[in-house]
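Here is a short report on how the parts of a protein model meet. Keep the structure in view as you read.

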Amino acid sequence: MIIPLGFISLNNNLDIIFIAIWDGAKIRETEEGYTLKKSDIMLRLGLLYGELMLKSGAEIYRVEDSSRRLLVKVGAEEVESIVTPTGIYLSLRVDGHLYTAVRRVIRGSYDLNLVCELNTLSRTLATQTDADSTFATVISLANNPPPYSRRLQGLAATVAGGGFTYLFGGTILDVLAGAMGAMLVWLTCLYLAQLYTNRFVIDFCGGAIAALSAGLLSLVLPVNMDPAVIGAIMTLVPGVLLTNAVRDALTGDLLSGAARMVEALFVSVAIAGGVGAALSIWLSIRGLV
Amino acid sequence: MKIVLSLAACYLATTCFAVVFSSPKKALPYSGLCGTLGYAVYLFALELNFGLAAAVFVAASVIGIAAEFLARALRMPATVFITAGIVPLVPGASAYLAMLRFSQGDYQAALLSASTVVYVACAISAGLAIGTILRRR
């Protein structure tokens with residue numbers, strides 16, 4: 001049976017990775033009619049595998065390690081890769097010849113389940129497996145439905161927002177306000193992300209929504225702004241990103257450490273900008289009334 | 001009583017964060033456990049007047065070691081437990097506060113928050129490195 005393979009859906013964005021025909025045993029040819037060499041398939045496999053891991057939140061060294069392990073098992077004689085948060089450079093030697101390819105990677109959202117499955121694949125795959133069937137396996141793993149529905153994740157973000165409001169010294173009322181804010185922030189970000197909006201804009205709007213919802217609630221109820229706002233933006237805040245930046249730098253991936261640190265800086269600037277803008281507008285409106 | 005409530009809130013919040021990060025279902029309760037254990041150690045260390053950075057360092061090393069154990073036992077990469085587990089310690093809120101204070105022109109408070117961010121992030125990374133060292137040995 002001939003199954004077209006190459007459209008994969010990642011984070012709700014439909015990415016065209018690679019168009020080819022998978023007949024159950026071999027990847028035959030691209031849509032244009034070219035036959036694929038073994039080296040092409042292996043390069044494509046390495047790039048796809050690395051991109052999926054990187055987008056889903058794996059550390060740099062893990063992406064390099066696991067893709068090397070995978071590619072050696074499908075028959076590469078030598079693998080060398082440079083992985084950065086924004087792209088992958090991959091070289092391999094197949095049948096004595098050296099091949100290189102580059103892939104630009106746009107940041108995705110965390111999917112630790114996929115990281116886990118891809119990592120396990122690279123460990124459990126038998127040596128001398130052919131690249132074609134491994135490619136099909138990777139694509140089917142990427143196309144697996146996510147472990148939690150969007151709705152459940154939104155609920156989790158809500159509860160997490162409430163929990164962190166409590167940890168930041170909120171009262172019961174603040175906890176409810178924080179949870180509500182977290183839910184609104186989650187919904188806003190989900191909606192904006194579907195419009196392919198820039199990350200900076202998304203975080204800015206998230207911060208603004210958090211401050212506005214806490215401000216509105218504080219009109220009618222005795223809510224403390226600070227813990228409620230912090231709880232609400234907890235899912236946006238770049239804490240894990242920042243820590244991973246330092247961890248990358250400590251393991252010697254200086255490029256990635258620096259890049260992620262800059263990213264974390266901009267994310268926190270965006271959130272603080274959103275909160276600050278909403279707060280000052282809010283205060284001036286309240287001053288008028 | 002207050003501590004029990006805090007730890008319960010921490011467990012709930014960490015587990016929910018694991019859901020947001022799409023952790024494997026099997027790992028969920030353990031991610032929460034990892035985070036709560038780290039937070040409990042952190043609170044205890046603060047009780048003993050450890051100072052913020054030292055307390056975070058000890059807590060992160062406990063998280064790192066627990067994550068390596070869990071990784072062995074459940075055959076999953078340690079990242080799964082670490083990513084969610086460090087969420088209660090991580091200086092995300094301080095990073096945001098630093099930028100907010102900067103934008104409001106309160107530079108002294110801003111620098112204070114910013115330096116907290118830097119040394120807490122470094123302390124967590126160093127603490128987690130201990131788990132990695134023990135694994136590689």
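Into which domains is chain A divided? In this predicted model, chain A has domain 1 (3-143) and domain 2 (150-288). Where these two domains touch, domain 1 of chain A supplies 7 residues and domain 2 of chain A supplies 10 residues. The domain 1 side of that contact holds 3 nonpolar, 3 polar and 1 charged residues.

Now look at the two chains. In their contact, 46 residues of chain A meet 38 residues of chain B.

H5(A) gives the most, with 10 residues. By class, the side of chain A that touches chain B has 31 nonpolar, 11 polar and 4 charged residues.

Next comes the core. The largest nonpolar core has 135 residues. Which of them touch the most other members? They are Ala160(A), Ile233(A), Ala59(B), Ile63(B) and Phe81(B). Helix H3 (residues 52-74) of chain B gives the most to this core, with 13 residues. Both domain 1 (3-143) and domain 2 (150-288) of chain A also give residues to the core, so it lies between them. In soluble globular proteins, nonpolar side chains tend to be buried together.

Take Ile63(B) as a close-up. Leaving aside residues up to four places away in sequence, Ile63(B) touches Cys34(B), Leu37(B) and Gly38(B) among others. Ile82(B), Gly85(B), Ile86(B) and Leu128(B) are also touched by Ile63(B).

Notes: Residues are numbered from 1 along each chain as its sequence is written. Chains are lettered from A and ligands numbered from 1 in the order in which they are written. This is a predicted model: local features need pLDDT of at least 70, side-chain atom pairs count only at pLDDT 80 or more; totals for chains, interfaces and linings use all residues. Helices (H or I, at least four residues) and strands (E, at least two) are DSSP runs, numbered from the N terminus. Ala, Val, Leu, Ile, Met, Phe, Trp, Tyr, Cys and Pro count as nonpolar, Asp, Glu, Lys and Arg as charged, and the others, Gly among them, as polar. Domain bounds come from an automatic or database domain assignment. A nonpolar core is a set of buried Ala, Val, Leu, Ile, Met, Phe, Trp, Tyr and Cys residues joined through C-beta atoms within 7 Å. A residue is buried if 20 or more other C-beta atoms lie within 10 Å of its own, exposed if 12 or fewer, and partly exposed in between; C-beta atoms are placed from the backbone.
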